[in-house]
Amino acid sequence: MRIGVAVLAVLMLFIGCKEDKQNEGLSEGLWVVELEIMDNQVLPFNLKVNKNDNGDYAMQIFNAEEVINVDEIEIKGDSIVMRTPVFEGYLAGTFTKNSIEGKFIKESLDRIVPFKAVQGKAERFTAKNDNTNKNVSGIWETYFSPNVEEEYVAKGIFLQEDNRVTGTFRTTTGDYRYLDGILDGDSLKLSAFDGAHAFLFNAKITDSTMNGIFYSGNHFKEPFVATRNDGFELPDPDLLTFLNKGYDKLAFTFPDLEGKMVSLDDEKYKDKVVVIQLMGTWCPNCLDETKFLVEYLKEHKDIEVIGLAFESAKTKELAIKGIKRLKERVGVTYPILLAQYGTYDKQKAQEKLPMLNHVLSYPTTIFIDKKGNVRKIHTGFNGPATGEKYEEFKTHFSTMIDELSNE
């Protein structure tokens, strides 16, 4: 019911605008967009608006070092729809020269988040205290939803310059990508928006502790606690997912985007090193890994990669559309098969691959040797936001592929 209201609202934005209405257009330069989430909190991110020589708009979303180019922009009268690359989520609203008001919508998950945007503001967060005598740079041993059944561990990695803070939280299933914010007195504020996820972290800190709340859009929140621990490490991602007793091979048959059934038993994959990627087009960590795989395959054409997509899209047609969009925007040359649609529930995913002890994370990367045996399963993905861990993953990936290729 809610998503019907969302789609109707977007349509009304367009229908309600007169074709001949004069509009000055959007002001170029820096904007701040503020999503209105639960507990009267505001989740900000930075946006830059440019206009090319043809008069078309292009935008950039900034999260720390990350720059997301937004070139799917539809304007009609005073209505605007902005779609980030790959992900299904979009921003739709009405605008004046220096303001936008509307909603961030993810149709497959029935999620709607109101937002407002203003031009001419560069700061993501406004500090109330000009000076701070604290510094959060370093490693933090972190527990989300502490002391309850849903508890999970993370590694906070932060760098502070003056009062600006950047970094991320790594978990056993991936990272929270590029977080950007400030330390305002004893208040830490970090946020990120990429078109799929909208994250806000608020915490009170001392020199050695952190106590806060993590918000994901306006549909979820949970507490977290952290302590400084420069020697802290997460569990080995190569030991979390494994084959159940009695299995040494992975087996599946799923359709490609044209409906052809594909299996590891196909002639194409015999006597080849094969990498299987459990992924979804809705998943930012999967996008990071997909970009890595695309670049890797440009220089290494002697291996095969197969993506198995577990999609949140409500229909098969929408799921296939999303996969095609990903392949086109990122330049994916390897097949992505539709393993599941309507949900990315991990238990249901594991039912599709019963030889695995569980599907713990998207992405999960499975390395198969030339004889068809599973040699390693890597849970999660350390993306570019994790810095040296990302470089470490790339080295380990290449080493593993070289080892299997030379057998």
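Q: What makes Glu66 and Arg177 a salt bridge?
A: Their closest N and O atoms are 3.1 Å apart, and a salt bridge is a side-chain nitrogen of Lys or Arg within 4 Å of a carboxyl oxygen of Asp or Glu, so the pair qualifies. Glu66 sits in strand β4 and Arg177 in the loop between β13 and β14, so parts 111 residues apart in sequence are tied together. Strands here are DSSP runs of E, at least two residues, and helices are runs of H or I, at least four, numbered from the N terminus.

Q: How far can these values be taken, and which residues count?
A: Happy to say: this is a predicted model, where local features need pLDDT of at least 70 and side-chain atom pairs count only at pLDDT 80 or more, while totals for chains, interfaces and linings use all residues. Residues are numbered from 1 along each chain as its sequence is written, and side-chain values use heavy atoms, with hydrogens and water left out.

Q: What makes Arg375 partly exposed?
A: Its relative accessibility is 34%, so Arg375 falls in the partly exposed class. Arg375 also forms a salt bridge with Glu407, the closest N and O atoms being 2.7 Å apart.

Key:
Buried < 20%, exposed > 50% of the residue type's maximum accessible area, 1.4 Å probe, protein only.
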